[in-house]
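Subject: Structure for you to look at

Hello,

Here is the structure I promised to pass on to you. Please open it beside this message and take your time with it, and then read on for what was found.

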Amino acid sequence: MFDANGNVFSCWDMVTEPCSVVGQVSHWGVTLNEQWKVWQNRTFEAVEKCKNCRYKMFCGGGCAAQAVVARGDMHKAVCDDFIENFNQVAITVAKEMPDTK
């Protein structure tokens, strides 16, 4: 996302937040800063609670922006109702799969 001042933000939810400015637009293109690497490297591997979670490959640690807003730290997990929702959807999809026999 871009603002009128040429700032590049990590996502919609973080526009105007100084911690999410990941670069600058100029006449020569986009220049990314060190904060870009911080956001880019925020994966489930960077979230302690997620490292041993069986759902980590599906949710990726949740939304980094939500973690900043709700927990004050992008490296905190945001699970919300993910596990319950995932399990319900998995059951529904499995029931609707055609029999391949």
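How far is the sulfur of C79 from the closest cysteine sulfur, and in which residue does that closest sulfur lie? It is 6.0 Å from the sulfur in C50, which is too far for a bond.

Before going further, please note that this is a predicted model, in which local features need pLDDT of at least 70, side-chain atom pairs count only at pLDDT 80 or more, and totals for chains, interfaces and linings use all residues. Residues are numbered from 1 along each chain as its sequence is written, and side-chain values use heavy atoms, with hydrogens and water left out.

The cysteines

A disulfide is taken here as a pair of cysteine sulfur atoms within 2.5 Å, and a search of the whole structure finds zero of them. For C50, the closest cysteine sulfur is that of C59, at 5.6 Å, again too far for a bond. C50 counts as buried because its relative accessibility is 5%, whereas C79, at 30%, counts as partly exposed (buried means under 20% relative accessible area, exposed over 50%, and partly exposed in between, with a 1.4 Å probe and protein chains only).

The sheet

Three strands form an open sheet in the order β1-β2-β3, with antiparallel pairing; strands are DSSP runs of E with at least two residues, numbered from the N terminus, and two of them pair if DSSP finds at least two bridges between them. The edge strands, β1 (7-9) and β3 (29-32), each pair on one side only. Between β1 and β2 (residues 21-26) there are three bridges in the antiparallel sense, and F9 stands opposite V21 in β2.

Best wishes

Note on methods. Helices (H or I, at least four residues) and strands (E, at least two) are DSSP runs, numbered from the N terminus.
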